[in-house]
Amino acid sequence: MPQAITLNEITKSYSGVKAVDRFSLGVERGTVFGLLGPNGAGKTTLIKILTTLMRPTLGDAFVEGFSVLSAGKEVRRLIGVVPQENNLDRYLTARENLILHGRLHGMRPAAYNPRIDELLEMTGLASRQHDFPDTFSGGMQRRLVVARALVHEPRVLFLDEPTTGLDPQSRRALWDHIRGLRRSMTVFLTTHYMDEADALCDRIMIMDHGVSLADGTAPELKDAFSRAHIYQVEFRADHSKYEAMLAGLPFVRSVERTGATFQITLTGEEAIKPLMDSLAGADIRRICLKEPTLEDVFISLTGAKVRE
Amino acid sequence: MFKGAFSIWGRDMLVLRRSIFSELLAVVAYPLTLYLAFGFGLKGYITDVGGVPYPLFIAPGLISMTAVNAAFDDSSWSMWFHRRVQRTIEEYRVTPVTVYDIVIGKIFSGFTQGAIKGSVVFLVILLLTPFRIDYSHLPAYLMCIGISSMTFSCLGTICGTVIDKPENIGRVQSVVIVPLIFMAGIFFPLTSYPATVLPVIRLLPTTAVFEGSRDALLFGSIPSHYFINLVLSAAVCFVLAVYTFNRKMAE
């Protein structure tokens, strides 16, 4: 499948510190691509480079074949951008915000007016189109920013942490809109939320310190990081006596208890046999292998330490 | 070409239209008070300046002051607000418009606001006071206001582009703009300055604005050295504003 986005050995340095280091990537046309990483991983820097807001220190990037370095205007004609912060114009109504965007893209009223009607309907904002964004909830403002990015029917949509700060209902509503865009355009999304990436993305890349750490579909990443050594065991009775016993076993790395359920991390896959031997005769209700979540994969790659 | 600049200018005019009455009320009050206080209050003490009645002497400068202040204010605060608070400049920059479209649109917004507000103060002074002019002098005067508004709009754009803290914009106004305006002879003739200082004062762009506008309104022509000063100042400030904005956006 042809590529909508290509990054060739992109490096971006700030005062000698590399925010992105020789980063290469190709995103297939018509897919939803998710870029995951902790704060400071380099995600926003990459989006800024791809949307021509920032020039890379080294390398080049292409959107639908146009270089961000030498054909910025053509790139901007083809992209829609939903930034991290809602940068709506609070002195213009919702509809006027969309009209201004259409005009900045050189559209005529005959072209932008029906499109704006359609988008306001799609985002559920038609009844509030003559109100100012300041009177909107966070979710409505976010939907308006998405609608604005779609006025000129972009071929590539960049969403930088689109649901940060939204309540669960607003997040789900926005997910539905993004799902609706699948196939009609290429979506490049950054997020902190693993469930979001899991639910929306055809392909996920986890990055940190400016480099890619893992790349694949959500099931592929989970499979790759499944080590088959975290088990959940639930006891019917006498659960307290098992905690110390389990913690004392040499092949058990850690034990976390929630009520009658224990999450046991073994030193390796081979430890399952001695574990079963140790539990022989115990009144076990349930024992199961814990499947890794995308969050487990993320934490194992980027570490659990909080970033500034 | 410059379709983007026109769209940005159109946005600013739409916003201005919504608040035009409150804006004009605020803008008219200050120069009108100065005119009444100085023009009438001092009339008994200063009958005329070089043969020109004192209220007539200060009126062109007050109108020009309104225009250039409005141009500076709008450009600086608007640029700062769109860049730092609303971040709408970033939204403009991910569309096919160029940074030149953005800066030129903003400069023209400041210029238009200055020209509109200056014209309204002119009309109000004309309506409420005995101040009268020869209307054949109006084109030269309006040209003078237009060029001056352009210069100050560019200066405002530069401030709004490079200054990040809002209080510093106020400081630039207090320390640079207001002294430049008041030193340029709105309320007194330049001949009051010592002969050693006078050549420097005559070179100030604000002197060209206020002396030039007075000559334009009262005598129908702008002295050539002031006209050259006005045009050169506007051209230099325009180039500087575009260059500064372009540099800032590339950072």
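What pLDDT does chain A average, and what percentage of its residues score at least 70? With that settled, please take me to A:Val75 in helix H2 of chain A.

Guide: This is a predicted model, in which local features need pLDDT of at least 70 and side-chain atom pairs count only at pLDDT 80 or more, while totals for chains, interfaces and linings use all residues. Residues are numbered from 1 along each chain as its sequence is written, and chains are lettered from A and ligands numbered from 1 in the order in which they are written. Chain A averages a pLDDT (the predictor's confidence in each residue, from 0 to 100) of 88, and 96% of its residues score at least 70. Chain A holds eleven helices and 14 strands, these being DSSP runs of H or I with at least four residues and of E with at least two, numbered from the N terminus. A:Val75 sits in helix H2, which covers residues 72–78 of chain A. A:Val75 counts as buried because 24 C-beta neighbours lie inside 10 Å; the cut-off for buried is 20 or more other C-beta atoms within 10 Å, with C-beta atoms placed from the backbone. Across chain A, 39% of the 308 residues count as buried. Leaving aside residues up to four places away in sequence, A:Val75 touches A:Thr52, A:Val63, A:Phe66 and A:Val68, a contact being two C-beta atoms, placed from the backbone, within 7 Å. A:Val156 lies 81 residues away from A:Val75 along the chain, yet their C-alpha atoms are separated by 9.4 Å. For chain A as a whole, residues 24 or more positions apart account for 69% of the contacts with a separation of 6 or more.

Notes. Buried ≥ 20, exposed ≤ 12 C-beta atoms within 10 Å, placed from the backbone.
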